[in-house]
Amino acid sequence: MKNIIINLALHDLLYLWASSLVQTYKPCNLHMENGEVRCQSGWGPCCNGCKHLATNGCTVMALNCKVCFCHAACYSLPNYVKDLLNRIQALMQQIDQTPYIRESRGEWLKRLKKKGGDTYAVR
Ligand code: SF4
Ligand code: SF4
């Protein structure tokens with residue numbers, strides 16, 4: 001897919017779709033425990049150490065992080081939600097996004113532009 005506007009539109013649509021599933025079903029069950037953020041896994045959150053993490057949470061749109069979860073988080077989801085997330089992952093291939101690679105929207109766009117030589121402005 002060459003046109004960056006179409007790529008962007010599909011990306012943002014998939015991001016909104018996945019985000020709304022995550023907000024509704026909360027697979028990670030993020031919560032405070034003894035003054036620290038904890039999650040469903042018992043050892044996470046896996047965001048710890050990520051360059052995009054700030055004190056108030058994630059600072060970017062990272063589509064992969066909305067569709068790929070650890071076993072504990074996946075296990076907590078109803079099967080139909082897992083199916084929907086799998087469908088989103090399949091559609092992500094159309095915009096050159098690979099599940100399990102942490103990448104912000106901006107980083108993905110830069111990579112696409114480098115590959116395709118597209119000159120549209122990136123925000
Ligand atoms: S994916 Fe697993 S380890 Fe990462 S924040 Fe969610 S529950 Fe925790
Ligand atoms: S990019 Fe992903 S891993 Fe990094 S802070 Fe955001 S949600 Fe967490």
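**Loops, helices and ligand shells of the model**

N34 lies in the loop between β1 and β2 (helices, H or I of at least four residues, and strands, E of at least two, are DSSP runs numbered from the N terminus). The model is predicted: local features need pLDDT of at least 70, and side-chain atom pairs count only at pLDDT 80 or more, while totals for chains, interfaces and linings use all residues. Residues are numbered from 1 along each chain as its sequence is written, and chains are lettered from A and ligands numbered from 1 in the order in which they are written.

The phi angle of N34 is positive, near 50 degrees, in a residue other than glycine. N34 counts as exposed because 5 C-beta neighbours lie inside 10 Å (buried means 20 or more other C-beta atoms within 10 Å of the residue's own, exposed 12 or fewer, and partly exposed in between, with C-beta atoms placed from the backbone). A positive phi, about 45 degrees, is also found at N29, which is not a glycine. N29 belongs to the loop between α1 and β1 (31-33) and is partly exposed, with 13 C-beta neighbours inside 10 Å. In the loop between β2 (36-38) and β3 (53-54) lies P45. The peptide bond joining G44 and P45 is cis, with omega about 5 degrees.

The protein chain as a whole contains 4 helices and 4 strands, which follow the pattern α-β-β-β-β-α-α-α along the sequence. Its C-alpha trace spans about 50 × 35 × 20 Å along the principal axes. Of the 123 residues in the chain, 18% are buried. Among contacts with a separation of 6 or more, 69% involve residues 24 or more positions apart (a contact requires C-beta atoms, placed from the backbone, within 7 Å).

The largest nonpolar core has 9 residues, namely L14, A18, A62, L63, C65, V67, L85, I88 and M92 (such a core is a set of buried Ala, Val, Leu, Ile, Met, Phe, Trp, Tyr and Cys residues joined through C-beta atoms within 7 Å). The elements giving two or more residues to this core are α1 and α3 (79-92), and α3 gives the most, with 3 residues. In soluble globular proteins, nonpolar side chains tend to be buried together. Leaving out residues up to four places away in sequence, V67 touches A18, L85, I88, Q89 and P99.

Helix α3 has 14 residues and reaches 20 Å from its first C-alpha to its last, close to the expected 20 Å at 1.5 Å a residue (the expected span is 1.5 Å times one less than the number of residues). Its buried residues are L85, I88 and M92. These residues cover an arc of only 55 degrees around the axis, and therefore lie on the same side of α3 (the arc is that of the directions from the helix axis to the C-beta atoms). On the other side of α3, the exposed residues are N79, Y80, D83, N86 and A90. The cover over the buried residues of α3 includes α1.

Within α1 lies Y15, which is partly exposed, with 19 other C-beta atoms within 10 Å. Apart from residues up to four places away in sequence, Y15 touches M61, L63 and K66. Between the C-alpha atoms of Y15 and S41, 26 residues apart along the chain, the separation is 23 Å.

The buried residues of α4 are W108, L109 and L112. Their arc around the axis is only 100 degrees, so they are on the same side of α4. They pack against α1 (4-25). W108 is buried, with 23 other C-beta atoms within 10 Å. Neighbours within four places in sequence aside, W108 is in contact with Q97 and E103. W108 and D96, 12 residues apart in sequence, are 8.5 Å apart in space, C-alpha to C-alpha.

The residues around ligand 1 are C28, C39, Q40, S41, G44, P45, C46, F69, C70, A72 and A73 (a residue is near a molecule if its C-beta atom, placed from the backbone, lies within 6 Å of it). By class, this shell has 8 nonpolar, 3 polar and no charged residues (Ala, Val, Leu, Ile, Met, Phe, Trp, Tyr, Cys and Pro count as nonpolar, Asp, Glu, Lys and Arg as charged, and the others, Gly among them, as polar). Around ligand 2 are C47, C50, H52, L53, C58, V60, A62, C65 and R102. The shell of ligand 2 has 7 nonpolar, 1 polar and 1 charged residues.

Notes: Contact = placed C-beta atoms within 7 Å.
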